[in-house]
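Please read the points alongside the coordinates.

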Amino acid sequence: MNKAIKLENINITINNLTKAYSKDKGVFDLNLSLNSGGINLLIGKNGSGKSTLLKCIMKLISYSGNIEKKRWRIGYAPEYYIMPDFFTVEEFLYNIGRIKGLGKAAYHDHSIYLLKMFNLESYRHKQIRSLSNGMKQKVNLLQALIHDPKIIILDEPLIALDSESQKNLLSYLHELAKTRLVIISTHSPEKFRYKSRNIIEIVNGRIQ
Amino acid sequence: MMNYLKLQFNYLFSSIFIICYAIVLIVIVLGLVFTLNLEMGYQVLDLYPEEYLKTFLVESGLLVEVMVSITAIFIATVLSSKTNQVLVFFTTENRRQRANFFLSRYLAAFLSTILSIAFAFISTVILVNWFTPFPLRLAILINLFAWIIYQAIFLQVMVFFLFAIFNHFLILTVPIVIFWYKKTILFPSDYFSDLETVILSFVPSFTLINDNVIIYQEGVIYLIGLTVMFMITVLVNIYADCK
């Protein structure tokens with residue numbers, strides 16, 4: 001007998017979200033519902049408020065309004081990152097994985113899979129400071145995915161990646177988006193050529 | 001919390017930091033050996049052991065105080081740097097986790113400082129008991145080193161506080177200057193300038209005279225300033241926007 005598998009709907013509901021840095025900088029009165037099942041793409045010019053919205057979801061900054069979400073695991077890769085240079089890739093990912101509640105065995109399995117996908121296996125024991133910007137970006141993305149989160153938030157994930165890595169990442173995210181909530185801020189929506197995508201354009205801190 | 005603490009220790013004990021920390025510990029041991037005046041010979045030291053011990057305690061106390069305090073400021077600065085701050089982005093999803101992150105940061109700083117002073121304490125006891133005839137009384141040494149720890153932790157909290165408010169690495173000069181200025185104040189004395197009074201009242205101040213640790217005021221009073229700075233630091237770290 002076939003057993004139907006019911007996929008859990010993972011969603012974030014945002015009501016009247018405002019974070020004002022100045023009169024025209026920040027996000028203003030945003031109302032939005034983000035759901036799993038397809039990639040949610042945030043697009044907009046520099047300074048339009050994409051990263052601010054993501055930081056609000058991550059509770060990294062204070063805001064007024066309401067963001068409703070259950071206590072799912074979240075993976076977040078910021079855009080402008082300074083990596084902790086003296087960690088090796090392994091140390092960094094292991095520490096993040098453990099903090100995010102990953103067991104040693106689960107970390108081991110998942111890290112091998114992800115490092116292979118991003119062609120980082122041979123850099124596992126290298127210090128982050130010795131890596132190129134592209135490699136650092138990969139590590140940045142890996143730390144967001146290492147604990148198999150239900151919500152994945154990536155700020156400009158394609159920056160500094162070579163075309164092969166971009167392709168691998170895109171197909172991986174596409175798979176993840178079927179069962180997880182994936183939110184991506186990007187200037188290149190044309191690279192996410194999947195049917196199941198939800199494009200949200202932000203202009204001057206407001207949804208168009 | 002333990003995982004956050006491991007993260008902070010992993011972050012702090014980088015290869016460069018380990019080298020610097022080892023150098024500090026070696027300097028402390030060499031300084032202790034130098035202040036013991038071992039070159040005078042056991043028999044000479046045995047002529048006036050009490051007097052030589054008093055001189056040793058004053059000199060070695062000053063050495064340990066300076067080394068541990070500067071190291072404590074350095075440790076707090078490393079843990080307040082932008083690269084440590086950015087770990088908040090990678091490791092926290094809510095305020096509770098952020099609180100754990102910052103508490104583990106403070107704890108890592110305090111424990112590293114306590115480790116260095118424990119090393120200095122054990123080195124002092126071993127060197128004095130093995131190589132000299134000095135009648136070392138542990139109570140005096142424990143009292144002196146406890147005040148050194150108190151002062152070092154106070155300076156670390158000051159660093160965390162200043163970084164939380166101003167978020168600029170040059171701010172670390174403030175606790176260094178305050179510490180250095182405090183060391184130039186002749187204490188005890190009948191007269192202090194207003195600035196000297198403020199500093200002696202705010203930063204734990206003590207001196208060793210004739211086997212006695214003389215304090216400017218009770219440790220509990222210093223605790224008020226320490227607690228206020230610490231609470232403000234915690235609140236700013238947890239509630240301020242991460243940039």
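1. The largest cavity is lined by His110(A), Leu145(A), Asp148(A), Pro149(A), Ile152(A), Tyr172(A), Leu176(A) and Arg180(A). A cavity here is a set of points, on a 1 Å grid over the protein atoms alone, where a 1.4 Å probe fits but cannot get out, and lining residues have an atom within 4 Å of a point. This cavity holds about 30 Å³ of space, and its lining comprises five nonpolar residues, one polar and two charged.

2. The model is predicted: local features need pLDDT of at least 70 and side-chain atom pairs pLDDT 80 or more, whereas totals for chains, interfaces and linings use all residues. Residues are numbered from 1 along each chain as its sequence is written, chains are lettered from A in the order in which they are written, and side-chain values use heavy atoms, without hydrogens and water.

3. Chain A places 30 residues in contact (heavy atoms within 4.5 Å) with 25 residues of chain B. The area buried between them (accessible area, 1.4 Å probe, lost on being put together, summed over both) is about 2400 Å², with 61% from carbon and sulfur atoms. Leu60(A), Ile82(A) and Ile99(A) supply 26% of the area that chain A buries against chain B, more than any other three residues.

4. The rule finds one salt bridge across this interface (a side-chain nitrogen of Lys or Arg within 4 Å of a carboxyl oxygen of Asp or Glu). Lys19(A) pairs with Asp241(B) in a salt bridge, with the closest N and O atoms 2.6 Å apart.

Key: Buried area = accessible area lost by both parts, 1.4 Å probe. 1 Å grid on protein atoms, 1.4 Å probe; cavity = no way out; pocket = protein on both sides within 12 Å on 5 of 7 lines; lining within 4 Å. Points joined across faces, edges and corners; volume = space filled by probe spheres on them. Nonpolar A, V, L, I, M, F, W, Y, C, P; charged D, E, K, R; others polar.
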